[in-house]
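Please look at the sequence and the structure shown below before reading on.

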Amino acid sequence: MLNIPMLLGQIAILCPQSSSCLLPPATKIHCINLFHILEFVTKYFPCHFVLGSIFSRVEEDYLWNGMQLGQQSPCILLNTLLYFNTKHFGLRTIEQHLRLSFRNVVKRWNKNSDNTTCIQYEVPALCDNQDKITPGKRKREEDEHIFEQRENAANPSRCPVKIFECYLSKCPPNLQQRSDLFYLQPDHSSAPDSPIWFSSIPLDRNVLENMLVRILVIKDIYEENEKDSSEVDEDDVD
């Protein structure tokens, strides 16, 4: 009998986080084959995929402890940024992620807390009937939708704001007001101690899609969505 949860977990673990960026050709072919398996599973067994909080076996802690999330390299940083945007902004499709830009994702002071910051994503056009997204950390506004990632002061090494700041610091400064770019291709010539890790070239759509397919099997994404939905319900009651 096919064990779908175990298959999803093994594919995500066997294929390293850096596979989406820079790998030797032979290893890259192996990972592409694993991606095809995962895409097949998510297409023909959707019930096991959508209900990630029930069926997913891949946990965020494992990825941090295994140094597959963090800011140790351009590819790991890029994966972590994509993971936080998926988890906290509620972005589940490649089209939603491609709407992000340096202009509409900004760092702000959190008005509801003392001396804390957050990342806000303001895109009214994202919330239409054709391409709805899950609530994420949404602020209550009448005419605009604001999605938020809050500072993790208790654990700075896993803080979405710190990851975002690190990413900005490693991107070319002349791109940081662009409204048509966000995920950038790692610069193949950069070293770990280089001031700039990313080129001015957008990350290839297929690469980004492969990264997202793997991230969507992480259990914590779905638990975050359940928690946010309960918070919204409580606000409605109030």
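Which residues form one aromatic cluster? In this predicted model, the cluster is formed by Phe102, Tyr167, Phe182, Tyr183 and Phe198.

Across the structure, the count comes to nine aromatic pairs.

| Pair | Centre to centre | Angle between planes | Class |
|---|---|---|---|
| Phe102 and Tyr167 | 6.3 Å | 15 degrees | stacked |
| Tyr167 and Phe182 | 5.8 Å | 50 degrees | tilted |

Because Phe102 lies in the loop between helix 7 (94–98) and strand 1, whereas Tyr167 lies in helix 8, their pair ties together parts that are 65 residues apart in sequence. The pair of Tyr167 with Phe182, which lies in the loop between helix 8 and strand 5, also links distant parts of the chain, here 15 residues apart. Phe102 has a relative accessible area of 6% and is buried, Tyr167 counts as buried at 0%, and Phe182 is buried too.

Tyr167 also takes part in the packing of helix 8 against helix 6. The axes of helix 6 (residues 74–89) and helix 8 (residues 160–169) come within 10 Å and cross at roughly 135 degrees, and the two helices are therefore oblique to each other. The crossing is left-handed. On the side of helix 6, the residues in contact include Leu77, Leu81 and Phe84, while those of helix 8 include Ile163, Phe164 and Tyr167. By class, this contact has nine nonpolar, two polar and no charged residues.

Notes
Residues numbered from 1 in each chain as written. Predicted model: local features only at pLDDT ≥ 70, side-chain atom pairs only at ≥ 80, totals over all residues. Heavy atoms only, no water. Axes fitted to C-alpha atoms, helices over the stretch in contact; angles between N-to-C directions. Helix = DSSP H or I, 4+ residues; strand = E, 2+ residues; numbered from the N terminus. Parallel < 35°, antiparallel > 145°, perpendicular 65-115°, else oblique. Left-handed = near helix turned anticlockwise from the far one by under 90°. Contact = heavy atoms within 4.5 Å. Nonpolar A, V, L, I, M, F, W, Y, C, P; charged D, E, K, R; others polar. Phe/Tyr/Trp six-rings, centres within 6.5 Å; stacked < 30°, edge-to-face > 60°. Buried < 20%, exposed > 50% of the residue type's maximum accessible area, 1.4 Å probe, protein only.
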